Amino acid sequence: MNGSRKPLEMTPTRLGTLARLPVFFALGGKRAVLAGGSAAAAWKAELLSSAGAHVDVYSADISAEMQQTAAVPPGGEIVLYRRAWSETDFKGAAIAVGAFDDDTSAAAFAQAARAAGVPVNVIDKPAFCDFSFGAIVNRSPLVIGISTDGAAPVFAQAIRAKLEGLLPKGFAAWASAAARWRDAVKASGLPFAGRRKFWQLFTAHAVTHPEVEPSHTDFDNFIAEVKGLGGAVENGSVTLVGAGPGDPELLTLRAVRALQSADIILFDDLVSRDVLDFARREARKMLVGKTGYGPSCKQDEINALMVSLARQGKRVVRLKGGDPLIFARAGEEIAACKAANIAVEVVPGITAAQGAASRLALPLTDRGHARRLQFVTAHAKDGALPEDIEWRSLADPATTTAIYMPVRTLAALVDKAVAEGLDPATPAVAIARATRPDQATVAAPIRELPARLAQAKLPGPVLVIIGQVLAEAESAGREPARIEVAR
């Protein structure tokens, strides 16, 4: 008998250890002390000036690079003092940076700065640093800092280069527009939910039109669209999201956006916990698991919870393993939302059959051997083998069949299918935890697979694929995941 259980709120994962705390100093109009006149120091002077700091540089030797930077500062003024630093120079400073070749000089500078209560950085000497600069991606006011705690600066630069390619230059203009419009949005008279909707519209438009300069017309259009929703803007919503078979890298971009904007996430047991790492940290995460032959939340309770939360104005994500539209009771949940007049959206995911086939380098269709692909469940509402399976289609040698939830009923399914014409020598493979690091497979002719699967005791979830495409994959010796078919 199946046991029942109530939805369980997941305790938020504790933040892992940080080598450095990422912070962003506000230096506009503040004073920075810089000891050293080298080219490396000149770069730090430029960086500090760009952030709006007034930079006082102390060094008997001033390089040409430093003189050029001071002559045309990018932001705050850079003043050159052709002498060594002194302890009194730290008075009123917000930040201190030093460039020294030897540890003795570096230690003296760091000690003096700390004694004055000023955070200090010594270039290329982490032992004397209260903070580090890291690699920077500049779309100001959108700024991204990357740190490896000094362990691998080249690696940090490589990551920066990747991010530079991913983030359009136009994001800077949209981030600036957000700063300009924030007060106007607050003064617009929109309720909290309306203001949140405004920023959702803003973000969606900025992401899809990054190189178009934002204008006040955009602002007016977003405001008008939100006001046009009327009272509906106060309503919550439900989004059914496919988490894929397990590997979080198989999430769609749309799924990630839904997870990052959710207030509450209702997730199944089959959802890989790695997928939840993509969710907004502040979102509540509730396990509403349904497991075959094990304790499960009742579907009616899940529907009621989902609708209740949405009626409170929450953005609810119903996160399901694989694709929410394939053997995941999406129809019942969509119907419950529509009956309650709750906005509902579906974000498809990669279903288990596709994920498993990709890891096995297995085409599910083939011009010569599989003209049709079908998905079948071996698990009826009562947990038994469904009575309405089309057995002749299962026996069709030109069909690839993916069987979901097969473990308890596979032997009965095979007996019936063979009796209805399925060749007992048809190649088959059972895949457990498809696409995850601990994926495991058992391959055998379909007649032998139930016994082999029972002996292997693979952890769930398990999927079975049947078809001649498996024999073709074996004969082709496809890599990297060659199919082993026992004889």
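Start with strand β16, residues 427–432: β16 and β17 pair in the antiparallel sense over six bridges. Strands here are DSSP runs of E, at least two residues, and helices are runs of H or I, at least four, numbered from the N terminus. Two strands pair if DSSP finds at least two bridges between them. Pro427 stands opposite Pro445 in β17.

A word on sources. This is a predicted model: local features need pLDDT of at least 70, side-chain atom pairs count only at pLDDT 80 or more, and totals for chains, interfaces and linings use all residues. Residues are numbered from 1 along each chain as its sequence is written, and side-chain values use heavy atoms, with hydrogens and water left out.

Now the whole sheet. It is open, with five strands in the order β14-β15-β18-β16-β17, and the pairing is mixed. Which are the edge strands? They are β14 (372–377) and β17 (440–445), and each pairs on one side only. From one strand to the next, the twist averages 20°.

Helix α12, residues 352–359, packs on this sheet. It touches β14, β15 (399–404), β16 and β18 (462–466). Contact means heavy atoms within 4.5 Å. The direction of α12 makes about 70° with that of β18. Angles run from 0 to 180 degrees between N-to-C directions, and axes are lines fitted to C-alpha atoms, for helices over the stretch in contact.

Last, a helix pair. The axes of α14 (410–419) and α15 (449–456) come within 9 Å and cross at roughly 170°. So α14 and α15 are roughly antiparallel to each other (over 145 degrees). Leu410, Ala411 and Val414 of α14 meet Leu449, Pro450 and Leu453 of α15.

How values were computed:
Parallel < 35°, antiparallel > 145°, perpendicular 65-115°, else oblique.
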